[in-house]
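The sequence and the structure are shown first, and the comments follow.

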Amino acid sequence: MASSTVIAINVDREGVALAPPYSSKSQKKKLDRFYCQPIVSILKQKPMNGHDMRKVIHSVKVGVALVLVSLLYLLGPLYKRVGENAMWAIMTVVVIFEFFAGATLSKGLNRGIGTVLGGGLGCLGAAFAQAVGGVGKAIVVGIAVFIFGAGATYTRQIPNIKKKYDYGALIFILTFNLVVVSGLRADQVLELARDRLATIVMGFAICIFISLLVFPIWAGDELHHSLISRFEDLARSLEGFSKEYFENDNHEEKKSSANFSGKCKSILHSKAKDESLVNFARWEPWHGKFGFSYPWGKYLKIGEDLRDLAIIILSLKGCHDQSSEILEESVKEACEGIIASLAWTIKELGESIKEMSKCRYEEMIVPKMKSVRIEVSAIGTYLENSDGLGIASFVHSLMKMVEKLEELAKEVEELGQLGGFHENS
C-alpha cells in the first residue's frame, strides 16, 4: 500500500487557519510548495493574444468613461447645474458602452431617438390628460399607455426593426410610460425631460468620443478578418481530407492526421456572429478601407456559401467512410488533383478579399473550374460500373462543391465591384 503524509492544519476560534507547526525542514518545504502552487500556475499562463489585449483595452476605456462622467457628481459647479440627473449620464455610459464601436454608436443613437420620441409623446399625452382632468385624466392616460405600449411592442417583433432598433423601441416604451403616468404638470414634465436628456447626451458624447477616437475596435474589421480566416480554414480542411484519405494507407496514421472536421463544424456556427457584426458595421463611420456605403450585406451571402461548402466537405468524409472499395492509384491521384484545385480556388478567393483586390474570375477561376468539372466527370465515368454507393455519393459531392465554388466566386467578384476593390497589378 502506498504511504501518504497527513498534515494537520490548526485553526483559531473563528475558524481562521494558523501557520502550521513544522516537524522537519522537509515538511516545511512540502508545505511551501503546496501554498505557492496557485501562484506559480498563474505565472505560467500563456501570454495574451490580440483578442485578449482588446478586452483589456475595452475595459480600460469603460473605466475612463465612468471616471469622466462621474465628474458631474464630483465637481461642485457641474453638480449644481445637473443635480441628481447626473445619475442618468452614468447609467447611459454603463448601458451603451459596448465592445465594438458600431455597437456603441447603435445603442447610443437608439437610446437618444427612443428618449426623444418617448419623452415628446409622453409630454403631449400628459398635457392632454391634464387638460381633461377629473376621471377623464386616468382614462386618457390608460388609453395612451395601451396604444403606444402595444404598438411599440408589436414593432419590436418585426425582424428588420428588431435587428436594428429593438433597443430604441424598448427605451421609447420605458420613457413614454414614465412621463405620461408621472402625474406632473406639462411645464414640469418638459423641464424634467430637458434636464435628463441633457445628461444622457453628455454620457453618450463621452462614450462616442472614447469609443471612436481612443483605440477604436471596429466590428467591420472583426467581420472582415473572421471571413478571411474561414476561407483559410476551408482550404486547410480540404488539404487535411486529401492527406487523410488519399495519402495515408495506414489506419493508425489516419487518426493522427489533421482534424479538419472541427474547423468545418466551427464554420457552421458562424451565422449569428455574422449577422450581429454586419448590423454593427453598418453603423460605423468611414474607417480604414471601409467607406460609408461598403456592401456589408455581401458578407452574409458569402458566409452562407462558406457554410454550404463546410457541409459538403463533411459529407465527403461521410461518403468516403461508407465506401468499402479500394480505389486504384490513378483514381487516387485524380482525386488529389481535384481537391488540390478546389483548395487553391478557395485560397485565391480568400486572398482577394484579404488584399481587397478584384478576383481574377474570368482569367483564373472560370478556367480552373472548367478543368475540375472535366476531371470529376472523368472519375464518374470511370466508376460508373462500381456498385459502391459511397463512391457515387463522393463524386456527386465533388460536383456539388464545384457548383458552389462557382457561386462563391461570383459573390466575391460582386463584392469587389461594389466595394471598390483595386485591380490586380
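1. The model is predicted. An unreviewed UniProt entry lists residues 56-75, 87-105, 112-132, 167-185 and 197-220 under "transmembrane region".

2. Two of the annotated segments. Residues 112-132 are 100% helix and 0% strand, with the end C-alpha atoms 30 Å apart.

3. The structure holds 11 aromatic pairs. One of them joins Y165 and W283 in an edge-to-face arrangement, with 6.1 Å from centre to centre and 80 degrees between the planes. Because Y165 belongs to helix α7 (residues 159-180) and W283 to the loop between α12 (271-281) and α13 (297-322), this pair ties together parts that lie 118 residues apart in sequence. Y165 is partly exposed, at a relative accessible area of 41%.

4. A pair within α7. F172 and F176 have ring centres 6.0 Å apart and planes at 20 degrees; planes under 30 degrees apart count as stacked, so this pair is stacked. The two residues are 4 positions apart in helix α7, a separation of about one helical turn. F172 counts as buried at 12% relative accessibility, and F176 likewise counts as buried at 1%.

5. Further ring contacts. F290, Y294, W296 and Y299 are linked into a cluster by ring pairs. Two lysines are also placed over aromatic faces: K107 lies over Y167, at 5.1 Å from the ring centre, and K368 lies over W344, at 4.9 Å from the ring centre.

6. Extent and centre of the largest pocket. The largest pocket holds about 430 Å³ of space. It is lined by 25 residues, of which T115, T175, V179, A193 and R196 are the closest to its centre.

7. Which helix supplies the largest share of the lining of the largest pocket? That share, 8 residues, comes from α8. At least two lining residues come from each of α4 (86-96), α5 (101-132), α7 and α8 (186-213). By class, the lining of the largest pocket comprises 17 nonpolar, 5 polar and 3 charged residues.

Definitions and conventions:
Residues numbered from 1 in each chain as written. Predicted model: local features only at pLDDT ≥ 70, side-chain atom pairs only at ≥ 80, totals over all residues. Heavy atoms only, no water. UniProt positions renumbered as here; feature names shortened; annotations may be inferred. Phe/Tyr/Trp six-rings, centres within 6.5 Å; stacked < 30°, edge-to-face > 60°. Buried < 20%, exposed > 50% of the residue type's maximum accessible area, 1.4 Å probe, protein only. Lys NZ or Arg CZ within 6 Å of the ring centre and 35° of its normal. 1 Å grid on protein atoms, 1.4 Å probe; cavity = no way out; pocket = protein on both sides within 12 Å on 5 of 7 lines; lining within 4 Å. Points joined across faces, edges and corners; volume = space filled by probe spheres on them. Nonpolar A, V, L, I, M, F, W, Y, C, P; charged D, E, K, R; others polar.
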